[in-house]
Amino acid sequence: MAAKGLGNTYPNPMVGAVVVYHGKIIGEGWHQKAGEAHAEVHAIRAVKDKTKLKDATLVVSLEPCSHYGKTPPCSKLIVESGIRHVVIGMKDPFEAVQGSGIQFLKDAGVHVEMGVLESECRMTNKRFLSAIEKQRPYIVLKWAKSEDGFMAPEDQKKGQPHWITDKPARQLVHKWRAEEQAILVGINTVQTDNPQLNVRLWSGNSPIRLIIDPSCKIKSGAAILKTSDPVYIYNNVKEEVYDNIHYVLVDFDQNPLQQILKHMIEIGVQSVLVEGGGITIKHFIDENLWDEARVLEGAKKLKKGKRAPQLTDPQKITEKFSCGVDKIEIFKNS
């Protein structure tokens, strides 16, 4: 249930809830969008016969909130509903909660069980937890390579992307874009491919665009700038804002990736899809700043060109599957 909110709940976590009465689910819900009702609210509202709540169990993937934010506290609603048994997957590490929701329920006489399927609940909210516990976004590296290990041909024309994969795989990438909060590329990718970096082949929100451009080489006509959404350009020249274009000053002589990730947290970014190019991705790999790597292998050979990045520990592969004629490998950084 929680996973249904993927891509729509930022900066909030994904939460799912079900109400169980004598072994049957009589209400269910999930947090659908930041600022709107939480999972517990949807689940309790979905119960048609409210008299059953006093003998029902609420199962929720994350500790119910206990503070007033954009919505009232869920722990208060649970108590008022008459539910007296709550099963919680994991404690909420967010500073405004951190066990206070659990304590509120216990103080009201509710029987609380904790830590049920906790590792699965943590995995569902890996982006939210990375931002809180690591103080950096969840980082997903993505690149496509030919069957013989090249990202692009040597003679690629600037401003025209060279497709390694077929349309089904490209559609999958747009699905991935809709799931992450931001997308990042280096200036070489902008100049070579002139990408839009939005969601066109899937239904969902387009990610916040981030560009690493030390010398501010980006041209005003670049496709990535043709949006009303905010765009952040990390550079070594200026700190300025023009409408929706934010120039963010970075000292590229002092751990630039750490500065960039710190800025992402400051603007509320919990996850980022690093799409290129090869040099940018290599910097993340070299500094071990990644959580997942998604590698698409096209069914064609280039024979020569720009070499694709390589992970230093290929044993971290966790998933392999085909997408049309293309192959996909998913790596996790332990």
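**Close-up views of a predicted model**

**View 1. Surroundings of Asp229.** Leaving aside neighbours within four places in sequence, Asp229 is in contact with Arg209 and Asn244, contact meaning heavy atoms within 4.5 Å. The model is predicted, so local features need pLDDT of at least 70 and side-chain atom pairs count only at pLDDT 80 or more, whereas totals for chains, interfaces and linings use all residues. Residues are numbered from 1 along each chain as its sequence is written, and side-chain values use heavy atoms, with hydrogens and water left out. Asp229 is found in the loop between β9 (208–212) and β10 (231–235); helices (H or I, at least four residues) and strands (E, at least two) are DSSP runs, numbered from the N terminus. Asp229 counts as partly exposed because its relative accessibility is 34%; buried means under 20% relative accessible area, exposed over 50% and partly exposed in between (1.4 Å probe, protein chains only). Lys50 is 179 residues away from Asp229 in sequence and 43 Å away in space, C-alpha to C-alpha.

**View 2. Strand β10 and its partners.** 5 of the 5 residues of β10 are buried, so this strand is largely enclosed by the rest of the structure. Val231, Ile233 and Asn235 lie on one side, and Tyr232 and Tyr234 on the other. β10 pairs with β9 in the parallel sense over 4 bridges, two strands being paired if DSSP finds at least two bridges between them. Ile212 stands opposite Tyr234 in β10. β10 also runs parallel to β12 (residues 245–249), to which 5 bridges join it; here Val231 has Ile245 as its bridge partner.

**View 3. The largest nonpolar core.** A nonpolar core is a set of buried Ala, Val, Leu, Ile, Met, Phe, Trp, Tyr and Cys residues joined through side-chain atoms within 4.5 Å. Of the 30 residues in the largest such core, those touching the most other members are Ile139, Leu141, Trp143, Leu184, Leu210, Met264 and Phe284. At least two residues each are supplied by β6 (138–145), β8 (182–186), β9, β10, α8 (256–266), β13 (271–276), α9 (278–286) and β14 (292–297). The largest share, 4 residues, comes from α8. Beyond four places in sequence, the contacts of Ile139 include Leu261, Val272, Val274 and Phe284. A second, separate core of 29 residues includes Ala144, Leu197, Leu225 and Tyr247.

View 4. Thr280, Ile281, Phe284 and Ile285 of α9 are buried. They cover an arc of only 140° around the axis, which puts them on the same side of α9; the arc is that of the directions from the helix axis to the C-beta atoms. Ile279 and Asp286, on the other side of α9, are exposed. The elements covering the buried residues of α9 include β6, β8, β9, α8 and β13. Just after α9, Asn288 takes a positive phi of about 55°.

**View 5. The five-stranded open sheet.** 5 strands form an open sheet in the order β2-β1-β3-β4-β5, with mixed pairing. The edge strands, β2 (24–30) and β5 (111–114), each pair on one side only. From one strand to the next the twist averages 15°. β1 (residues 16–21) and β3 (residues 57–60) pair in the antiparallel sense over 4 bridges, and Val59 in β3 is the bridge partner of Val18. Helix α3 (residues 100–107) lies across β4 (85–88) and β5, running at about 150° to β5. Axes are lines fitted to C-alpha atoms, for helices over the stretch in contact, and angles run from 0 to 180 degrees between N-to-C directions.
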